[in-house]
Amino acid sequence: MSHYLKIELLRMVRNKRYIIFVVAFPVVFYLLYSNLWGDQVDETTGLKGAVVLMVSMAAYGALAASIMSSAVPWAQERHSGWLRQLQITPLPGWAIICTKLIASMVLVLPSLLLVGLAAVLTQGVSLPAGEWAGLIGSLWIGTIPFIALGLTIGSLLPPDTAQPVAMIGMFGLALLGGLWFPVEVMPSAMKSIAQVLPSYDYASIGWKIAAGDAPDASSVLGVVGWAVGLGALAVFAYRRATVRA
Amino acid sequence: MNAIAFNGVTKKYGDVVAVDGLTLDIAAGSTVALLGPNGAGKSTSINMLLGLLRPTSGDIKVFGNGPDEAVTRGDIGAMLQEGALIPELTVRESVDFIRRLYPDPLPLDEVLRMAELTDLAGRRADKLSGGQTQRVRFALAIAGGPKLLLLDEPTAAMDVESRRSFWDNMRAYAAQGRTIVFATHYLEEADQNSDRVVVVARGKVVADGTAAEIKSGVAGHTVSFRLGLQSAAGLDALPGVSAVEIQADRVTVRTGDPDATLDALYRKTTLDVRDLQVHGADLEDAFLALTKES
Ligand SMILES: Nc1ncnc2c1ncn2[C@@H]1O[C@H](COP(=O)(O)OP(=O)(O)OP(=O)(O)O)[C@@H](O)[C@H]1O
Ligand SMILES: [Mg+2]
């Protein structure tokens, strides 16, 4: 199975779409935005823009990596017959979805770490070691609901629909969750949507930790709740997609 | 022991009966062709052997186990009718990945050599031609060294030269005591590459035997001559004869053994045989006769 994981990682690293949308985008946007607003200070938290943006772009990158590395490749494999190729080998059925989950979690790391690195190198962001660990750790584990969403999309839709749906899901969650613009500047209708989305809770945990505070219980519950709900949906959809008629 | 045993297997898709009460045993170590026209139920049967499809009724055993068990044990390798590779992976990576999933695989270099992929090993799958892709799919099927190899129309995308070397490679694999079942539309392909041909049509077995038996049993040869006003009575009793047709003043006799038929025609009858013509078995005719709608 470790060889299967290696193969999954290898093919994504060779995938242009993954590299552009997931690894390059968040870093480039971080550099752009932090040059514009990096020195602004948030009155309520006292955080510098460079830090807020670091969390936002890292969260966006991780969110994008989660969905892009799961939904479309999985839909394509089902459609192209590669899934059948695997189903006729001794590889057990659960190994496929588990490997996909682990592979996606590994593929999230480059964007998280590169945005952090860009923040340190270009904006001189510095946090205590414990906060770095907490921030990166929670942004990493917190991608589980998004990976589950991606796998659900990949299990239910053919590749030509999975592609736009994954894109819309990714940008929708990022935009409405306040990763591109602060939720505070949104009209109230959008604000109330944002507050129920996993992406908002997810980024909020990061912002809190970066400010040296404990994350809100409601944010943590939100992410865990979505992880459980979407995880169950992913397992259900996976079984439906791999059932033998 | 039987490698494969179908026991009264039926598969329905809604109203369509794809496989209709199939009962068939295939001995371990044999190479068997499943010959049939489009929609005969070849792929459905193969996919049931692999556990990809479940029979509506009946029972399937592969080396004495159910299909899922056989797949888990690594007893089966297959080239399905359709299937793409992972575009970003090289030939070597794909083949090595699949072979490592089996408990007792062949060495990687040997697999590449047997599928004639040694020179293409470093090439990415999205840079392969159709025929080369088929060779990689063959490599994936044999990589685990399975005892049973299933090939569903394996030469579909290949030119004449590639077909020839494909069958050579298949025979090399079979020569190691393995069981092979392949599906094809062509009697000629079945004839040249198998020791038993099972002809299927509309989900049923319509003929089963060596290619020579099938050819002679069905179309066989034809012997025809000008009958004129003479009576055709007794021609159907000549050795080897399966059918007698009269058209205008000519009679055409179908026979599985033209030598015996001719011999008897001259020695045992008093007919005045004029304008004699003997035609060999036409493979395509044999096949069409067997599988046409009844
Ligand atoms: N998923 C499906 N749903 C409904 N009918 C199906 C399905 N798959 C196959 N069939 C029908 O079952 C019958 C047998 O199909 P099958 O694919 O087994 O034939 P085949 O012998 O492999 O044909 P070919 O030579 O064209 O590959 C056909 O009538 C086909 O239309
Ligand atoms: Mg078929």
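## Briefing on chains A and B

Leaving aside neighbours within four places in sequence, A:Thr152 is in contact with A:Leu230, A:Leu233, A:Ala234 and A:Ala237. The structure is a predicted model, and every value below is computed from it.

**Two buried residues of chain A**

- A:Thr152 belongs to helix α8 of chain A, which spans residues 144-156, and the side chain of A:Thr152 reaches the backbone oxygen of A:Ala148 at 2.7 Å.
- With a relative accessibility of 4%, A:Thr152 counts as buried, because the cut-off for that class is under 20%.
- A:Ala64 sits in helix α3 of chain A, residues 49-68, and A:Ala64 also counts as buried, here with a relative accessibility of 0%.
- When neighbours within four places in sequence are left aside, the residues in contact with A:Ala64 are A:Phe21, A:Val22, A:Ser69 and A:Met170.
- A:Asp201 is 137 residues away from A:Ala64 along the chain, and the C-alpha atoms of these two residues are separated by 16 Å.

**The interface between chain B and chain A**

- On the chain B side 31 residues take part, and they are in contact with 21 residues of chain A.
- The size of an interface is often given as the accessible area lost when the parts come together.
- For chain B and chain A the buried area is about 2,500 Å², and carbon and sulfur atoms give 64% of that area.
- Between the two chains there are 6 residue pairs in polar contact, counted where both residues are at pLDDT 80 or more.
- The elements of chain B that give two or more residues to the side touching chain A are α2 (67-72), β5 (76-79) and α3 (91-99), and the largest share, 4 residues, comes from α3(B).
- Sorted by class, the side of chain B that touches chain A has 17 nonpolar, 6 polar and 8 charged residues.

**Salt bridges between the chains**

- The count of salt bridges between chain B and chain A is 3, and one of them is formed by the side chains of A:Arg11 and B:Glu88, with N to O at 3.6 Å.
- A salt bridge also forms between A:Arg244 and B:Asp68, where the closest N and O atoms are 4.0 Å apart.
- A:Arg244 lies in the segment after α12 (217-242) of chain A, whereas B:Asp68 lies in helix α2 of chain B, so this pair joins two chains.
- Both partners count as partly exposed, A:Arg244 at 24% relative accessibility and B:Asp68 at 33%.
- Salt bridges that share partners join A:Glu8, A:Arg11, A:Glu77, A:Lys100 and B:Glu88 into one network.

**Salt bridges within chain A, and the overall count**

- Over all chains, a search of the whole structure finds 28 salt bridges.
- A:Lys48 pairs with A:Asp39 in a salt bridge whose closest N and O atoms are 4.0 Å apart; A:Lys48 is partly exposed, with a relative accessible area of 35%, whereas A:Asp39 is exposed, with a relative accessible area of 63%.
- The side chains of A:Asp216 and A:Lys208 meet in a salt bridge at 3.9 Å, N to O; A:Asp216 is partly exposed at a relative accessible area of 36%, and A:Lys208 is partly exposed at 30%.

**The magnesium site**

- The magnesium ion (ligand 2) has B:Ser43, through OG, and B:Gln81, through OE1, as its protein donors, which lie 1.9 to 2.2 Å from the ion.
- This pair links distant parts of the chain, with B:Ser43 in helix α1 (residues 42-49) of chain B and B:Gln81 in the loop between β5 and α3 of chain B, 38 residues apart.
- B:Gln81 counts as partly exposed, at 39% relative accessibility.

**Chain B as a whole**

- Chain B contains 10 helices and 13 strands, and its C-alpha atoms fill a box of roughly 75 × 45 × 35 Å, taken along the principal axes.
- Of the 294 residues in chain B, 52% are buried.
- Among contacts in chain B between residues at least 6 apart in sequence, 66% join residues at least 24 apart.

How values were computed: Residues numbered from 1 in each chain as written. Chains lettered and ligands numbered in written order. Predicted model: local features only at pLDDT ≥ 70, side-chain atom pairs only at ≥ 80, totals over all residues. Heavy atoms only, no water. Contact = heavy atoms within 4.5 Å. Buried area = accessible area lost by both parts, 1.4 Å probe. Polar contact = N/O pair within 3.5 Å; in protein donor to acceptor, adjacent residues only side chain to side chain. Nonpolar A, V, L, I, M, F, W, Y, C, P; charged D, E, K, R; others polar. Donors = N, O, S within 2.8 Å, 3.2 Å for Na, K, Ca; no water. Buried < 20%, exposed > 50% of the residue type's maximum accessible area, 1.4 Å probe, protein only.
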